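Below are my notes on the model, as numbered points. Please read them with the structure open.

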Amino acid sequence: MSSNTDLVRKFCADLETRDIDRLMTYFTEDAVYYNSPVGPTTGLAAIRALLEEIGGPATSVEIEFLGTAESGNSVFTERVDRLVIGGKTVELPVAGVFEVRDGKISSWRDYFDMATWTRQVAAG
């Protein structure tokens, strides 16, 4: 694995800890997080707020990698993100693309089906 792929895998492993302060150290100052159903979020403060909103209610996060590929500064991931929210396990297939600049994530784009998320979160 290259250092860019290693960085992305380490970031995703740290997502499982839900330590927002630690997660924010991975991003450039001008980073963009594009959560496909929501749209782009730019800058550290906005990314922090979105991560807190998404991960805040989760009592557990697990990231399963199905595959990765790298081209230049881009790392492509196919994952299953599992979160436990309100006692329910949500399994979300995700395709993610990370752009790395100077050893930090400058862009993170996740693509998934919002209906899959909504159906599982709302199930009860």
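1. The model is a predicted one. I begin with strand 3 and strand 4, which pair in the antiparallel sense over twelve bridges. Within this pairing, A58 stands opposite I85 of strand 4. The two strands form a hairpin with two residues between them, and G72 there takes a positive phi near 60°.

2. Strand 4 also pairs with strand 5, again in the antiparallel sense and over twelve bridges. R79 has V94 in strand 5 as its bridge partner. This hairpin too has two residues between its strands, and G86 in the turn has a positive phi of about 55°. Strand 4 is mostly covered, with nine of its twelve residues buried.

3. Helix 1 covers residues 3-15. The buried residues of helix 1 are N4, T5, L7, V8, F11, C12, D14 and L15. An α-helix has 3.6 residues a turn, so residues three or four places apart point the same way.

4. What do the buried residues of helix 1 pack against? Their partners are helix 2 (20-24), strand 1 (27-35), strand 3 (58-71), strand 4 (74-85), strand 5 (88-101) and strand 6 (104-111). C12 gives one example: leaving aside residues up to four places away in sequence, C12 touches I63, F65, R79 and F98.

5. The largest nonpolar core has 31 residues, and those touching the most other members are F11, C12, F27, L51, F98, I105 and W108. Two or more residues of this core come from each of helix 1, helix 2, strand 1, helix 3 (44-55), strand 3, strand 4, strand 5 and strand 6. In soluble globular proteins, nonpolar side chains tend to be buried together.

6. Overall, the protein has four helices and six strands. From the N terminus, the order of elements is α-α-β-β-α-β-β-β-β-α. The radius of gyration is 14 Å, close to the 14 Å that the globule rule gives for 124 residues, so the protein is as compact as a globular protein of that length. The C-alpha trace spans about 45 × 30 × 25 Å along its principal axes.

7. Some totals for the protein follow. Buried residues account for 43% of the 124 residues. Of the contacts between residues at least 6 apart in sequence, 47% join residues at least 24 apart. The protein exposes about 6,300 Å², of which carbon and sulfur atoms supply 53%.

Key
Residues are numbered from 1 along each chain as its sequence is written. This is a predicted model: local features need pLDDT of at least 70, side-chain atom pairs count only at pLDDT 80 or more; totals for chains, interfaces and linings use all residues. Side-chain values use heavy atoms; hydrogens and water are left out. The expected span of a helix is 1.5 Å times one less than its number of residues. Buried means under 20% relative accessible area, exposed over 50%, partly exposed in between (1.4 Å probe, protein chains only). Contact means heavy atoms within 4.5 Å. A nonpolar core is a set of buried Ala, Val, Leu, Ile, Met, Phe, Trp, Tyr and Cys residues joined through side-chain atoms within 4.5 Å. Two strands pair if DSSP finds at least two bridges between them. The radius of gyration is taken over C-alpha atoms; the globule rule is 2.2 Å times the number of residues to the power 0.38. Accessible areas come from the Shrake-Rupley method with a 1.4 Å probe; for residues, only the protein chains shown count as cover.
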